Amino acid sequence: MKFTDIVTLDGVHIRDDGYLVADAKVARTGIQIYAGVEVGRPEMDQVRVYRPGSEVFSEDTMASFAHRPVTNDHPAERVTADNWKDHAVGQTGDEITGEKIFLRVPLMVADASAIKAINGGKRELSAGYECDLKWDAGETPSGEAYDAMQTNIRANHVAIVHRGRAGKECRIGDDAASEWGAAPLPQTTKTRKSDMSDDTLRTVVVDGLSVNTTDQGAQAIEKLQKAISDSQKAFSDAQSDHTAALATKDEEIGTLKAENKKLKDDQPDASAIDQMVADRAELVTKAKTVMSDIEVDGLSDADIRRKVVSAKMSDDAKDASDEQITGMFKVIAADAKPGKDPIQDALKSGDAGNKANDNGQAGYEKNLNDAWK
């Protein structure tokens, strides 16, 4: 179904090349009243048509108003590539924005006669668009009743029109010959207020408080709330990671402390060290008794035993375990006898040897000593 809306042309500027550029509000949200005959319901005097902000400010709707032809009055046909040169006097831009309840569209008029008409007072704009009219009675979020809802709004053109073209009813659109004739009826002050409260005021809960704001304000608040929520989550995640990292470090510190204490506990005391020294000395003595030329510096006890056993038993010790080597070493060391030490032997024989070999010298010396008697 085809509809038209009317708005005032504002923000007009004439460029150096004579082109006229302007910024206009071409569509709005809320409830608008149409004659029943214009929307296919002749049995109804009036039809309350609801245009929600979700439809007006949808990505597809806003995109449809970009690069559309600007016409001088509504054409009697849909503007297409085939008839564009017959109807277009300019075109809309692509920076389509939402402003409160309105859709704002930049436009440019290049035709001299159309610019002259605008300068002469023809300063209304009427958007020609198509949409689906969903006949499903309901209530707006603020509780205002409607009979139908506009969806899938798609712009075809924006027309420059005179305000009084529809007579006393201030109807918007072109003459009866135009197919763009479904235009909203004039609204009372009461209707406009309720319309504004319907689509611009939404209740949003902020930190436990109910706040009434416009649809765009609600969207901004929801975006900020989401940003705050995301930030809080990121902070919470960082805090959790930090706590986990501290717990890991504490565990590492605890492990190091326990290992340090174990090392201290396992460290031998003085008596144990003395015993180790004595055992080492005994082992070295036995090893040298069996193998006098053995070098023990830098060897462990096990290495000393294996070296001695390997020297005495050769192949039998090749694949033997440390325990087997220890057993072999005990047997070998037990059978070994210490080597002769001449000095020690002389000390041990002492005077006994001399007395046995003095050839009467001792008796002679005794007689000399007793001669005076």
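Q: How many bridges link β3 and β4, and do they pair in the parallel or antiparallel sense?
A: Antiparallel, over six bridges. Strands here are DSSP runs of E with at least two residues, helices are runs of H or I with at least four, and both are numbered from the N terminus. Two strands pair if DSSP finds at least two bridges between them.

Q: What kind of model is this, and how are residues numbered?
A: It's a predicted model, with residues numbered from 1 along each chain as its sequence is written. Local features need pLDDT of at least 70 and side-chain atom pairs count only at pLDDT 80 or more, while totals for chains, interfaces and linings use all residues; side-chain values use heavy atoms, leaving out hydrogens and water.

Q: Back to β3. Which residue of β4 is the bridge partner of Gln-32?
A: Val-49.

Q: Is β3 mostly covered or mostly open?
A: Mostly covered: six of the six residues in β3 (30-35) are buried. Buried means under 20% relative accessible area, exposed is over 50%, and partly exposed is in between, using a 1.4 Å probe and protein chains only.

Q: And what about β9, how many of its residues are buried?
A: Eight of the 11, so β9 is largely enclosed by the rest of the structure. β9 runs antiparallel to β12, and 10 bridges join them. One example is Tyr-129, whose bridge partner in β12 is Ala-155.

Q: Zooming out, how many helices and strands does the chain have?
A: There are 11 helices and 14 strands. The chain has 373 residues, and 32% of them are buried.

Q: Which residues touch the most other members of the largest nonpolar core?
A: Val-26, Phe-65, Ile-96, Leu-103, Leu-107, Val-109 and Ile-160, out of 34 residues in that core. Elements that each supply at least two residues include β2 (20-28), β8 (102-109), α4 (112-119) and β12 (148-161). A nonpolar core is a set of buried Ala, Val, Leu, Ile, Met, Phe, Trp, Tyr and Cys residues joined through side-chain atoms within 4.5 Å.

Q: Where does another core lie?
A: Apart from the largest one: this other core has 17 residues, among them Val-290, Val-296, Ile-304 and Phe-329.

Q: What is Val-109 in contact with?
A: Leaving aside neighbours within four places in sequence, its contacts (heavy atoms within 4.5 Å) include Tyr-19, Val-70, Ile-118 and Ile-160.

Q: New topic. Which ring does the charged end of Lys-25 sit over?
A: The ring of Phe-102, 4.9 Å from its centre. Arg-41 lies over the face of Trp-135, at 3.9 Å from the ring centre. The rule is that NZ of Lys or CZ of Arg is within 6 Å of the ring centre and within 35 degrees of the ring normal.

Q: What is the phi of His-67 near?
A: It's near 55°, a positive value in a residue other than glycine. Most residues other than glycine have a negative phi. His-67 lies in the loop between α2 (59-64) and β5 (69-72), and is partly exposed at 48% relative accessible area.

Q: How about Asp-73, buried or exposed?
A: Buried, at 17% relative accessibility. Asp-73 is in the loop between β5 and α3 (84-87), and its phi is also positive, near 75°.

Q: And Asp-86, where is that found?
A: In helix α3. Asp-86 counts as exposed, at 64% relative accessibility. Its C-alpha is 9.3 Å from that of Pro-75, which is 11 residues away in sequence.
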